[in-house]
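Please examine the model shown below before reading on. The paragraphs that follow lead through parts of two of its chains.

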Amino acid sequence: MLEYALARLLRMIVTMFVIVTGVFFATRLSGNAVDFIGGEGLSAADRATLVAYYGLDASWFEQYWRYLRALAEGNFGISLLERRPVSTIVLERIGPSLQLLAGAVLLTLAVAVPAGTLAAVYRKSWAGSMIMGVAFLGYAIPNFVLAVLLILTLSFWLGWLPSSGNGSLAHFVMPVVALSAFYIASLTRFTRNAMLDVLSQDYLRTARAKGLAEPRVIFKHALRNALITVLSVLGLQIAGLAAAGNVVIETIFAWRGIGEMLVTAALRRDYPVLQFGVIAVALAVILINTLVDLAYGAADPRVRLARS
Amino acid sequence: MVHTTLSAPPAAPSLVHRATRLRAGLADVWADMNWILRCTAILGIVLVALALAAPLIAPFDPNAQSLLSRLKPPMGLAGAKDGYLLGTDELGRDILSRCLHGLRLTLGVALLGAVIGLLLGGSLGLLAGIAGGRVDDLIMSLVDIQIAVPFTLVALLTVALLGGDLSVLIAVLGIAYWEQYARITRGEVLRLREMPFIEAARAAGASGWRIAVRHILPNLISPLVVVFTVNISNIVLLESTLSFLGLGLRPPTATLGAMVGMGRDYLPSAPWIVAAPALLILLVTFVIQMLGDFLRDRTDVRLRER
Amino acid sequence: MMTRSLVLALAATSLASLAPLTPALAAELKVGASNMPPYLDPGRDHSNVGSQFYYNSFDTLIEKDHSTAEAKFLPGLATEWNRIDDLTMEFKLRPGVVFHNGEPLTADDVVFSFNRMFKASFPPYEVRAKDRLNNFDVAEKVDDLTVRVRTKKPEPLWETLVNMQQLMIVPEDYVKGLTGDPKVAENSDFEAFALAPVGSGPYRIAEFIPGERIVWQRHDGFWGEKAPFERVTVRAIPEMATRITALKNGEVDIITNLPPDQLATVEADPNLKTAGMVTPLFHVLIYNTLNEKMASPKLRQALNYAIDRQTLSEALWQGKAVVPSSHTMEPFGALYMPELKTFEYDIEKAKELLAESGYKGEEIRIDTSATYYTNGLLAMQAVAEMWGAIGVKTRINVDDKWTGNDPTMNARNWSNPMYFPDPFGSFGVMWAPGGPSEGEGRFKTDADYAEKWERFRFSADVAARREAYAELMERIKNDPPFLVLYQPYESWGMRKNVDWAPAPGHIPYVLDFRAGSIRVDG
């Protein structure tokens, strides 16, 4: 087990290194930051002055080396666009992002698990189909359409909720719903499938034969076993959420989070921010995945044995 | 000698034989469907037909602008313009024609992208599962990287670097989700590897390749079908997100997702610009999900009964 | 005890209810802006985004009457100014002016503010200063309230230039003290200043989060009439639907950047209204004349003739955009020359010239950003269609990257703002010999052009300047490096009780919240 964990850790480090290097060179390949941040209308000489000022004149390898050394000191650089330390920007934005993430995860769990379970239990009747039908909408509607529709109905026409920004619980409702819809649909489906798999297993027949009431069968036995799959999927979804779907929601609701920061940095080639952002997100995702993986291994003895 | 567990390779069936078997197979599937599923199947066929016939049946050139007839509502509402059944968009282009061509483009792009993902991810996953060891580690590292980096960024930079061409878009969407296929395939291979019937086949001398094709692949169909159907929806959504961010296909060509993205500013004043393509996305996703679920349930049951 | 406070409370509320009778020194104003700059430094900034925000916090030596498009100059931080000789102007400063941080404004600050631009060593100042400030030599202190400014050549546009945003006054000691050595203005000082700016205007910047929020608070030590609001908050709301909803809900009182297509939605609400104006700025279409594909002047003439700008205005701007026949606009006053016919729509001529140009069906790439210019993407799609109508193949490239300096650029959109009310402040800045366009390598000037340009720029006689400008426009017509599309009509949305409109005498997009410029009733 320990050996496996160490191997995963090593793999994690190598992955991170590859990502850092990849992003560094890829962003520079796709254009010089100067052309996005005020480099318009400059003569070649002036542009060169600006390029030198931003430290982008050195060869890529030299820039890379400088970057690695700064990283080792914990210095993530200065945003080319905002001229402030990247760490400051990230600290400002991580709170709102985490809030959205937490809200989305809670909502997803709270809705998808019961819905999926019920859909599985009542799969033959119309109730089961209806639940899946509604859940399916979460897949079918692009999240920005849902977001704008929510704003137009709940905020514009009905005036119940504030349109944007962050400040009160009311500000949370629409962004979290718009963000979660897709993941609720996805997790409901998975839960239903996992429950279906489990519900048909032989050991449940035994439990029923023993005379256990159906709800007990479902919750104590079936759900518990399905839960492993469900939770691992949820873990992956968290990772996915942390990674990117938010940029759309953050832009529409003027919610200053990491997603929007990353996409703007990518669009404007703000290298230091982009590099830091990708590292941070990659780290978070890899950590979550590794944890889920290890937990899965710890929970399921077959996997644990296969690994040792 | 016990050789009955291995059936002899079937003789190459004639064309007529194959067609009959296909028709019988399809009739089987149809019989299994309830009425909802049958309607869904018909809807799916209609959508595909519309997409294929788009260039023939679209009343107007989807890119033809009529600047002085912008934002006209659909026929039946006040201010509508004759001939423009679903109204005009922000440059006076016919929405119906754009929807038909958009449907064609969206289906084409999503299908191609999903197939690329399936082939790429599936083969890598298969390879990882069968070869194991170093190869497995390498491929899993690639998977890690793929998961760790927000794909929206990768897509963004790629499109920025290579331009908004159709081929670039398809390639980008194709590699977006390969790791899902890879992991499922690899997981199944690892699971099946330990099963007795594989041991038996190996003991009887079957090559790794033959084992993969004849024994492992059929078991993969069910989980892969699920991933494939979910994938197609995901691709449609990813493509919409890219056009929301101003990337995706260059104007004036538009997929359904791009039409929705560009039209969202007009939701309060000219909602038909978004409503028509959004509805089509909904229908496409609905058909794919329903049929995909059905096929999955079916193949699973069949497997269990074997 | 209780009764007394009750009485006082009643008195306070009744006094407050009298407010509509007097322009209330109201509490707070909230604005939803479509975008916000990443830094705030009036000397460094030449963008249309930042220009919205400087006027409330900074002053120039010479002020302008913004209620009219004509150039009427008034005392600002300087109470009088005199030409000492051909090259020198002396300014007498207003006493008792205090910066937001309490520092008194003296000649030292003026000299510092000017020389940091005239003799720039900080690269972001350096690369921008020469566009407009080329002729300025140096500023010198005469005494605490007197400054002399020298130019290199006799300057016909003194007041216009000294009134520019780029010459707004900033506090010397504050800037120098921000980082490092408090006696030296280092690059890091200027960077820090752009994140925590201090000026002398009626509002001090209490909070600035780049790209997100500006909070202004009334500056009690302001030398002029006190600001009408105690506090103004500007929040960035990039998404259109969200911005309009925020206005409707009363979350904000004013929103910016309302495209013509959305006016009806806002005006349909009985609590809201819109205000707009024809912006003193041109949307232009520029060509890379040094690119092989675009080298033929006849081709570019054909492309210009093929564009029906009037239809564009009607279709995209409800007819409210102004389609000029040349690079000229009303605020230029005596130098406004609508009689020049540099750009016309003539589809037959377009086809003729296209044939003569030897165009062989090559694909012309049109670059545009997705959302930077209002209706920019729509306009470029329309242009592509119009060129297609005469047989030119096009391809649209949507990218936020500025491709003006890209050798592969064929055509793209751009804006030529009116930095100050004179053709030099628009055409002059952008198309000068060695200026931004030539410098980027897409436009070439020769000795003849340079001679005409000198005359236009430096003649003391208005008639001579007009003549030279006409000659320049004739050259542009024969070998066009650009096409002026229109002056866009920009609109703002606001609650009915807000009495504000963009003022005709400002540079584009200024959010002027000074006393007399805005009022909120009830």
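Which residue stands opposite C:Ile366 in E16(C)? The residue is C:Ala411. This is a predicted model, in which local features need pLDDT of at least 70 and side-chain atom pairs count only at pLDDT 80 or more, while totals for chains, interfaces and linings use all residues. Residues are numbered from 1 along each chain as its sequence is written, and chains are lettered from A and ligands numbered from 1 in the order in which they are written.

Strand E14 (residues 363-368) and strand E16 (residues 411-417) of chain C run parallel and are joined by two bridges. Strands, like helices, are DSSP runs numbered from the N terminus, with at least two residues (E) for a strand and at least four (H or I) for a helix. Two strands pair if DSSP finds at least two bridges between them. In chain C, five strands form an open sheet with mixed pairing, in the order E15-E14-E16-E13-E17. Its edge strands, E15 (393-398) and E17 (482-486) of chain C, each pair on one side only.

Of the 306 residues in chain B, 46% are buried, that is, they have 20 or more other C-beta atoms within 10 Å of their own, with C-beta atoms placed from the backbone. Among the contacts in chain B with a separation of 6 or more, 72% involve residues 24 or more positions apart; a contact requires C-beta atoms, placed from the backbone, within 7 Å.

Terms used
A residue is buried if 20 or more other C-beta atoms lie within 10 Å of its own, exposed if 12 or fewer, and partly exposed in between; C-beta atoms are placed from the backbone. Two residues are in contact if their C-beta atoms, placed from the backbone, lie within 7 Å.
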